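Hi,

Here is the model I promised to pass on. Have a look at it first, and then read my notes below.

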Amino acid sequence: MIATLALAVCAAGAAGWGGWLRYEAAHDDAASFAQVRDDALAAGEQAVQNMNTLDHRSLEKGLDSWEQSTTGDLHAQLIDGRDAFAEQIAKAKTVSTAEVLSGAVTELDERAGRAGVMVALRVTVTAPEGEPAVKESRLLGSLTRTSEGWKLSALGQAPVGGTAG
């Protein structure tokens with residue numbers, strides 16, 4: 001009888017301890033921050049991939065994807081240059097596909113709704129004639145949180161090389 005009571009007390013204590021740990025994990029600021037970071041990274045990688053993928057056979061769909069992935073000045077530049085760019089791609093008849101190799105969040109200001117990402121890509125460009133050209137590059141992107149989620153607000157090449165020391 002005493003052994004059963006002791007076992008019941010131990011089980012109740014373990015259940016209480018487990019519940020407390022679960023509560024702490026669910027309300028941990030670090031876990032919340034990690035989720036925001038992961039969301040920003042996923043959105044950044046997808047947006048950079050979208051911006052480097054375009055098929056002349058489905059040009060409007062590709063350019064729509066670019067616009068849906070962006071906000072701010074970058075979005076405005078895409079809208080302003082859309083017709084000229086569409087004409088250029090249609091004439092060249094190229095297909096570019098991007099594959100994300102890796103990515104990382106370089107900065108995150110959750111309160112301001114801003115983040116930075118670095119994304120390594122492999123882009124393959126196929127022209128009507130000749131072999132496909134493959135290029136690997138690293139891009140730096142700035143993200144802004146909008147009501148629709150994280151969107152790319154700037155994109156550029158990451159510097160290559162380092163400093164001698």
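Contact means heavy atoms within 4.5 Å. Axes are lines fitted to C-alpha atoms, for helices over the stretch in contact, and angles run from 0 to 180 degrees between N-to-C directions.

Please keep in mind that this is a predicted model, where local features need pLDDT of at least 70 and side-chain atom pairs count only at pLDDT 80 or more, while totals for chains, interfaces and linings use all residues. Residues are numbered from 1 along each chain as its sequence is written, and side-chain values use heavy atoms, with hydrogens and water left out.

Now the fold. There are four helices and five strands in the chain, and from the N terminus on they run α-α-β-α-α-β-β-β-β. The five strands make an open antiparallel sheet in the order β1-β2-β3-β4-β5 (two strands pair if DSSP finds at least two bridges between them). At the edges sit β1 (54-55) and β5 (149-157), each pairing on one side only. Eight antiparallel bridges join β4 (residues 133-146) to β5, and T146 stands opposite G149 in β5.

Helix α2 (residues 29-51) lies across β2 (95-109), β3 (114-126), β4 and β5, at about 150° to β2. Helix α4 (residues 72-92) also packs on the sheet, where it touches β1 and β5 and makes about 65° with the direction of β5.

As for overall shape, the chain has a radius of gyration of 24 Å, whereas a compact globule of 165 residues would be near 15 Å (taken over C-alpha atoms; the globule rule is 2.2 Å times the number of residues to the power 0.38).

What about salt bridges: how many does a search of the whole structure find? It finds nine, each one a side-chain nitrogen of Lys or Arg within 4 Å of a carboxyl oxygen of Asp or Glu. A network of them links E60, D64, E67 and R82. In it, the closest N and O atoms of E60 and R82 are 2.6 Å apart. E60 lies in helix α3 (residues 59-68) and R82 in helix α4, so this pair ties together parts 22 residues apart in sequence. R82 also meets E67 at 2.8 Å, N to O.

Cheers

Terms used
Helices (H or I, at least four residues) and strands (E, at least two) are DSSP runs, numbered from the N terminus.
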